[in-house]
Amino acid sequence: MGASVADELHAFLDSAKRVEIEHRVEEQVLKDDALDGAPPRMGVDLDAGTAVVRRKPEC
């Protein structure tokens, strides 16, 4: 809770921080879904014995 209070105070003084906080919240709400056309980040093929894990691209 202390970090979020500090972030809000920083956002009050710096508008760029507000944009960063809103972007962070938006990323938490939105999810990448293969049905939406997003490439899957994880996949397990038990028949082939393979697993694929992709890192989230950094912005």
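Modeller: The questions below go from confidence to helices, charges and strands. This is a predicted model, in which local features need pLDDT of at least 70, side-chain atom pairs count only at pLDDT 80 or more, and totals for chains, interfaces and linings use all residues. Residues are numbered from 1 along each chain as its sequence is written, and side-chain values use heavy atoms, with hydrogens and water left out.

Biologist: Thanks! Which element of the protein chain has the highest mean pLDDT?

Modeller: pLDDT is the predictor's confidence in each residue, from 0 to 100. For the protein chain the mean is 77, and 78% of its residues reach 70 or more. Helices (H or I, at least four residues) and strands (E, at least two) are DSSP runs, numbered from the N terminus. Among these elements the lowest mean, 78, belongs to strand 1, while the highest, 84, belongs to helix 2.

Biologist: Is Lys 17 buried or exposed?

Modeller: Lys 17 is found in helix 2, which covers residues 15-29. Buried means under 20% relative accessible area, exposed over 50%, and partly exposed in between (1.4 Å probe, protein chains only). Since Lys 17 has 11% relative accessibility, the word for it is buried.

Biologist: Which residues does Lys 17 touch, not counting those up to four places away in sequence?

Modeller: Contact here means heavy atoms within 4.5 Å. With that cut-off, the residues touching Lys 17 are Asp 7, His 10, Ala 11 and Arg 24.

Biologist: What salt bridge partners does Asp 7 have?

Modeller: A salt bridge is a side-chain nitrogen of Lys or Arg within 4 Å of a carboxyl oxygen of Asp or Glu. Asp 7 is in helix 1 and Lys 17 in helix 2, so their pair ties together parts ten residues apart in sequence. Asp 7 and Arg 24 likewise tie helix 1 to helix 2, here across 17 residues in sequence. The closest N and O atoms are 3.5 Å apart both for Asp 7 with Lys 17 and for Asp 7 with Arg 24.

Biologist: Which residues do shared partners join into one network?

Modeller: Lys 17 also forms a salt bridge with Glu 20, again with N and O 3.5 Å apart at the closest. These two are three residues apart in helix 2, so about one helical turn separates them. Through shared partners, the salt bridges make one network of Asp 7, Lys 17, Glu 20 and Arg 24.

Biologist: Is Phe 12 buried or exposed?

Modeller: Phe 12 sits in helix 1, residues 2-13. Its relative accessibility is 69%, so Phe 12 is exposed.

Biologist: How many bridges join strand 1 to strand 2?

Modeller: Two strands pair if DSSP finds at least two bridges between them. Strand 1 (residues 42-45) and strand 2 (residues 50-53) run antiparallel, and the number of bridges joining them is four.

Biologist: And which residue in the turn of that hairpin has a positive phi?

Modeller: Four residues lie between strand 1 and strand 2 in the hairpin. On the strands themselves, Val 44 has Ala 51 of strand 2 as its bridge partner. In the turn, the residue with a positive phi, about 75°, is Gly 49.
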